Amino acid sequence: MATSPSESTLEKILKIQTELTAAKPEVPLLLDLITLRSKELVSGDGAVFELVEGEDLVYRAASGSSSNQIGLRLKVTGSFSGLSLQLKESLNCIDSEEDNRVNREACRVVGLRSMIVVPLYFDMEVLGVLKVLSAKPKFFTDADVHSLNMLSSTIAAILHNAYRWAEREKRLQSMSYLASHDTLTGIYNRSAFYDYLRKGIVRIQSNPISLTVAMFDLDGLKQVNDTYGHAAGDFYIYQFAKRLSNLLQDHDILARLGGDEFGLILMSPEPKESVFSFLSNITKLVEGEVLFESIPLQIKSSLGVSHYPEDGEDLESLIRKADERMYLDKRERKKNQTR
């Protein structure tokens, strides 16, 4: 069995290092890039970046088969990643069904049989854990571990520098904030949305309140970008987020899920009819004209809503149903515009 990377793998590592060094110093962007390239480097099924938040490890970025697990929380104690942090060394799990060091139930939830975990430190500062996984047992080799180790120091340094840059420029206090918030709008990002939705589903089991998921998609962003440039598109996105945020309460969770898609979590004692009426009203209030360098832009959005438990009792079902209804709303709006 090979114990060191091949020449072609070394070239891939160098290419990834160059790409990461040249990337914008934005923590969410870097985390997405790190998980994607790490997965590709060792041909894993998925990869995640786990951030230490108190007693938990939180999946703040994920790629491949792990994408739907973003925002997942696991306890540091009793986890394979936690052991890696404690020992300050990379670990290779050959088969999660036979390795007593792992949380076997958590591995089954994620859908992995083998994995490599790499603790990321800069000096003595803990930055998180990089995990690359496979659904197959005995998938990764010692050479794969060595390859990820070679990449880890670059990853740690770049994340550290990005955090320090944001700390200076934006006076932010924690890596956790950067990893859970959208850079452009300042609201929550996809990982935080999934995290809060999982918490909400657990909370509602013992509380007589309703849980509603709303998905928004901006109409006409491509036309704005094509006509006036991406600066106008960013302004369009920012203004939508700002307007919507101003209409919500502090405990409502609004997140930019990516591009022009937004998600909202509402937990309320009101019946679902009242919640839907509220959402329809605020959507109308958000829409309207904004000026970008004296250029009038019309904010318009499509809305889809799902309710727990009638539309689903798990995260995936609730999001899928809200997405379906949002795209249905988008199609109906387009039909009405052509009449």
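The lining of the largest pocket in this predicted model comprises 9 nonpolar, 6 polar and 8 charged residues. That pocket has a volume of about 560 Å³, and the second largest pocket has a volume of about 320 Å³. A search for disulfides across the whole structure returns 0.

**Largest pocket**

- The lining of the largest pocket consists of 23 residues. Those that lie nearest the pocket centre are Pro28, Leu29, Asp32, Asp182 and Asn189.
- Two or more lining residues come from each of the helices α2 (27–41) and α7 (190–203) and from each of the strands β2 (56–64) and β9 (253–258).
- The element that gives the most to this lining is α2, with 4 residues.

- Helix α7 has 14 residues, which at 1.5 Å a residue should span 20 Å.
- Buried residues of α7 include Ser191, Ala192, Phe193, Tyr194 and Asp195.
- Leu197, Arg198, Gly200 and Ile201 of α7 are likewise buried.

**Second largest pocket**

- The second largest pocket is lined by 15 residues, and the closest to its centre are Asp219, Gly220, Gln223, Gln298 and Lys300.
- At least two lining residues are supplied by each of α8 (221–228), β12 (295–299) and α11 (315–338).
- Sorted by class, this lining holds 5 nonpolar, 5 polar and 5 charged residues.

**Cysteines and disulfides**

- A disulfide is a covalent bond between the sulfur atoms of two cysteines. The search of the whole structure finds 0 of them.
- For Cys93, the nearest cysteine sulfur belongs to Cys107 and is 6.0 Å away. Because a disulfide requires the two sulfur atoms to be within 2.5 Å, Cys93 is in no disulfide.
- Cys93 is buried, because its relative accessible area is 1% and the cut-off for a buried residue is under 20%.
- Cys107, in turn, has the sulfur of Cys93 as its nearest cysteine sulfur, 6.0 Å away, and is in no disulfide.
- Cys107 has a relative accessible area of 6% and is therefore also buried.

Terms used
Residues numbered from 1 in each chain as written. Predicted model: local features only at pLDDT ≥ 70, side-chain atom pairs only at ≥ 80, totals over all residues. Heavy atoms only, no water. Buried < 20%, exposed > 50% of the residue type's maximum accessible area, 1.4 Å probe, protein only. 1 Å grid on protein atoms, 1.4 Å probe; cavity = no way out; pocket = protein on both sides within 12 Å on 5 of 7 lines; lining within 4 Å. Points joined across faces, edges and corners; volume = space filled by probe spheres on them. Nonpolar A, V, L, I, M, F, W, Y, C, P; charged D, E, K, R; others polar. Expected span 1.5 Å × (residues − 1).
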